[in-house]
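Here's a quick briefing for anyone meeting this protein for the first time. Take a look at the sequence and the fold, then read on.

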Amino acid sequence: MNELLEKPQQITFDITDRCQMQCVTCSKWKTHAIDVIDKELTTEDWKKVLYDLRNWLGEGFWFCFSGGEPFLRSDIFELSEYAHGLGIKVASMTNAFGIQHLYQKIINSPIESLNISLNAINNPDIHDLSRGRKGSFEKALDAIMSLKKLRDENKTNLGINIATIILPENLEEIIPLVEFVTRNKINGIMFQLLDDKESFHGYNVQKGCNTQDYQMPYELRKKYLVMSKRAVEIINKLIEMKRAGHSIYNSYEQLDAMKVFFNNPDEIIDAIKCDVGSTNYAIDPYGNVRLCFNMEPVGNVKENKPEYIWTSANSQHCRYMTKSCKMYCRMLNCNFKGNFVNFNTSFIKKVKNKIFKVLTGKC
């Protein structure tokens with residue numbers, strides 16, 4: 001089996017669990033800096049990881065800084081420069097709450113793609129409430145527009161993207177957000193489904209979830225039910241807009257799958273397989289390697305080389321466990337790639353049948 005195993009396609013450095021926000025969609029913010037800052041990998045540790053990955057994967061692969069809030073690590077620019085020197089491409093995510101003093105450094109850095117979280121455009125309160133911090137909308141919008149202005153003035157190639165979680169409260173903001181992206185020539189927007197906030201936990205306090213016996217919390221299921229009909233209508237509009245040339249990064253297949261999911265979340269457990277164990281390689285702030293952020297670590301880069309961990313018995317067991325996983329995170333963007341679709345053979349037929357029933361009120 002190992003001989004047929006390809007190298008990972010998505011490399012993520014969850015560089016810190018620390019975050020300034022208190023998002024309703026996440027629980028990482030419960031992590032206290034004083035409890036973890038001395039346990040995080042050092043700058044030299046991360047450089048060694050980059051060096052080892054380069055030796056294994058070769059030149060030209062991408063990795064993404066994630067968290068927590070990656071820009072709370074003051075060495076993010078040093079690590080970006082080091083990665084660039086190795087021929088590695090760098091992306092990052094940010095809530096943009098504390099990066100105002102870093103705009104020029106970001107523009108001058110080798111970071112080639114920056115995803116900025118934004119959950120509303122017409123109603124700032126929706127974004128602020130979802131992020132748990134007053135004024136977070138203003139700072140996110142300032143970051144988007146200021147970085148775009150600096151990028152254009154400096155003639156750099158920084159890709160500026162918006163990352164939006166689809167919530168009951170922001171459904172009527174979804175189409176305006178796409179229009180905002182197009183009107184202001186932002187590179188693109190990607191939508192993520194609302195997930196169990198306990199999935200996005202601090203790795204220092206929770207090793208993993210019970211993926212085999214998972215049950216969706218009642219409150220989360222109720223949110224999906226409340227928003228289902230309108231969400232399907234909006235996703236249909238997103239498909240139309242994508243076809244018309246708007247820069248929506250979600251694939252058509254993922255958007256179709258979202259409609260099935262909103263009609264009945266349980267439908268996707270059998271309809272969509274999870275391939276993260278065969279494509280994803282995430283390293284948490286403490287060096288633990290995770291093929292799935294909800295499952296337990298399969299090794300630690302301070303103890304073994306990245307390629308050894310990838311082919312280890314622990315990783316093989318993790319891949320096996322994804323086959324019987326009962327969690328719904330298979331709908332998240334990490335399970336949808338541009339070069340393949342994670343559907344069972346009967347899924348497209350299911351999509352057509354389900355969408356017809358949703359739109360005709362026969363479900």
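How are H5 and H6 oriented to each other, roughly parallel or roughly perpendicular? H5 and H6 are roughly perpendicular to each other, a label for angles of 65 to 115 degrees, where under 35 is roughly parallel, over 145 roughly antiparallel and the rest oblique. Keep in mind that this is a predicted model, in which local features need pLDDT of at least 70, side-chain atom pairs count only at pLDDT 80 or more, and totals for chains, interfaces and linings use all residues. Residues are numbered from 1 along each chain as its sequence is written, and side-chain values use heavy atoms, with hydrogens and water left out.

**The overall picture**
- The protein has 14 helices and nine strands; these are DSSP runs numbered from the N terminus, with helices being H or I of at least four residues and strands E of at least two.
- Of its 363 residues, 55% count as buried, meaning under 20% relative accessible area, with exposed being over 50% and partly exposed in between (1.4 Å probe, protein chains only).
- Take the contacts (heavy atoms within 4.5 Å) between residues at least 6 apart in sequence: 76% of them join residues at least 24 apart.

**H5 meets H6**
- The axes of H5 (residues 124-131) and H6 (residues 136-154) come within 7 Å and cross at roughly 105 degrees; axes are lines fitted to C-alpha atoms, for helices over the stretch in contact, and angles run from 0 to 180 degrees between N-to-C directions.
- H5 brings Pro124, His127, Asp128 and Arg131 to the contact, while H6 brings Ser136, Phe137 and Ala140.
- Sorted by class, that contact has three nonpolar, two polar and two charged residues; Ala, Val, Leu, Ile, Met, Phe, Trp, Tyr, Cys and Pro count as nonpolar, Asp, Glu, Lys and Arg as charged, and the others, Gly among them, as polar.

**H8 meets H9**
- H8 (residues 218-243) and H9 (residues 252-263) pack with their axes 8 Å apart, at an angle of about 160 degrees, so the two are roughly antiparallel.
- On the H8 side, the residues in contact include Tyr224, Met227, Ala231 and Ile235, and on the H9 side they include Tyr252, Leu255, Met258 and Phe262.
- By class, the contact of H8 with H9 has twelve nonpolar, two polar and four charged residues.

**H7 under cover**
- H7 (residues 174-183) is mostly covered, with seven of its ten residues buried.
- Those buried residues are Ile174, Ile175, Pro176, Leu177, Val178, Phe180 and Val181.
- Their cover includes H6, strand S5 (159-166), strand S6 (188-193) and H8.
- Just after H7 comes Lys185, with a positive phi of about 55 degrees.

**The cysteines**
- Searching the whole structure turns up zero disulfides, a disulfide being a pair of cysteine sulfur atoms within 2.5 Å.
- Cys325 is in no disulfide, and the nearest cysteine sulfur, that of Cys329, is 5.4 Å away.
- Cys325 counts as buried because its relative accessibility is 10%.
- Cys334 has its closest cysteine sulfur in Cys329, at 6.9 Å, which is too far for a bond.

**A look at Phe13**
- Phe13 sits in strand S1 (residues 10-14) and counts as buried, at 0% relative accessibility.
- Leaving aside neighbours within four places in sequence, Phe13 is in contact with Trp46, Val49, Leu50, Leu53, Phe63, Cys64, Phe65, Ser66 and Ile283.
- Phe13 and Asp284 are 271 residues apart in sequence, yet 6.3 Å apart in space, C-alpha to C-alpha.
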